[in-house]
Amino acid sequence: MSRLKITLRVDFDSDHAIGPGKVALLEKMRDSGSLSQAARDLDMSYRRAWQLLASLNQTFREPLVLTSTGGSGGGGTTLTEFGEAIVAAYRQFEKETNTRAEKYFGSMLKTVSTQREGTRRSITRTQRSPATAAAKRASSR
């Protein structure tokens, strides 16, 4: 049986948001200490990872990540205390939202179709219930 999963994006305004991709990038950067390694781990280009990081830096007045440039010792990234707080808040909100989704939609999981995507499902005239067919005949008179 499937499990419910809510995918969240928090819009602070029309130009600033944080969602699963940016949070995953922050977590991978925290774990690896590297933007380029985080990008590889997430199977995204370095350019895209850099764009997401730049977007995060423009969203908040405080930095979420401290970066150091490469060289003989190599560069690196470290999440700031504020960056850690953002990740923790997002993951807690996600957990609470998924718990609520289970409360409201969990009983409906058993009604989710097991039919594969791309397969057309429709009700034909012969599949209608007798009550539906009778109502259709009555409305056409």
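Asp43 is exposed, with a relative accessible area of 74%, where exposed stands for over 50%, buried for under 20% and partly exposed for what lies in between, computed with a 1.4 Å probe on protein chains only. The residue sits in the loop between α2 (35–41) and α3, and although Asp43 is not a glycine, its phi is positive, at about 55 degrees.

The model is a predicted one, in which local features need pLDDT of at least 70 and side-chain atom pairs count only at pLDDT 80 or more, while totals for chains, interfaces and linings use all residues. Residues are numbered from 1 along each chain as its sequence is written, and side-chain values use heavy atoms, with hydrogens and water left out.

**Overall architecture**

The protein has five helices and four strands, which follow one another from the N terminus as β-β-α-α-α-β-β-α-α; helices (H or I, at least four residues) and strands (E, at least two) are DSSP runs, numbered from the N terminus. Of its 141 residues, 26% count as buried. The accessible surface, computed by the Shrake-Rupley method with a 1.4 Å probe, comes to about 10600 Å², and 51% of that area belongs to carbon and sulfur atoms. Among contacts (heavy atoms within 4.5 Å) with a separation of 6 or more, 48% join residues 24 or more positions apart.

The table sets out the spans of two helices, for which the expected value is 1.5 Å times one less than the number of residues.

| Helix | Residues in helix | First to last C-alpha | Expected span |
|---|---|---|---|
| α1 | 13 residues | 18 Å | 18 Å |
| α4 | 25 residues | 36 Å | 36 Å |

In α1, the buried residues are Lys22, Val23, Ala24, Leu25, Leu26, Glu27 and Met29, and the buried residues of this helix pack against β2, α2, α3, β3 (65–68), β4 and α4. Lys28, also in α1, counts as partly exposed because its relative accessibility is 31%. Leaving aside neighbours within four places in sequence, Lys28 is in contact with Gly33, Ala38, Asp41 and Leu42, and its C-alpha lies 8.1 Å from that of Ala39, a residue 11 places away in sequence.

Helix α4 (residues 81–105) includes Thr97, which counts as buried because its relative accessibility is 17%. Not counting residues up to four places away in sequence, Thr97 touches Ile6 and Leu8. The buried residues of α4 include Gly83, Ile86, Val87, Tyr90, Glu94, Asn98 and Ala101 besides Thr97, and the buried set packs against β2 (17–18), α1 and β4 (76–79).

**Packing of α1 against α3**

Two packed helices are described by the angle between their axes and the distance between the axes. Helix α1 (residues 20–32) and helix α3 (residues 46–59) pack at an angle of about 105 degrees, with their axes 10 Å apart; the axes are lines fitted to C-alpha atoms over the stretch in contact, and angles run from 0 to 180 degrees between N-to-C directions. That makes α1 roughly perpendicular to α3, a term covering 65 to 115 degrees, where angles under 35 count as roughly parallel, over 145 as roughly antiparallel and the rest as oblique. On the α1 side the contact is made by Lys22, Leu25, Leu26 and Met29, and on the α3 side by Ala49, Leu52, Leu53, Ser55 and Leu56. By class, the contact of α1 with α3 has seven nonpolar, one polar and one charged residues, with Ala, Val, Leu, Ile, Met, Phe, Trp, Tyr, Cys and Pro counted as nonpolar, Asp, Glu, Lys and Arg as charged, and the others, Gly among them, as polar.
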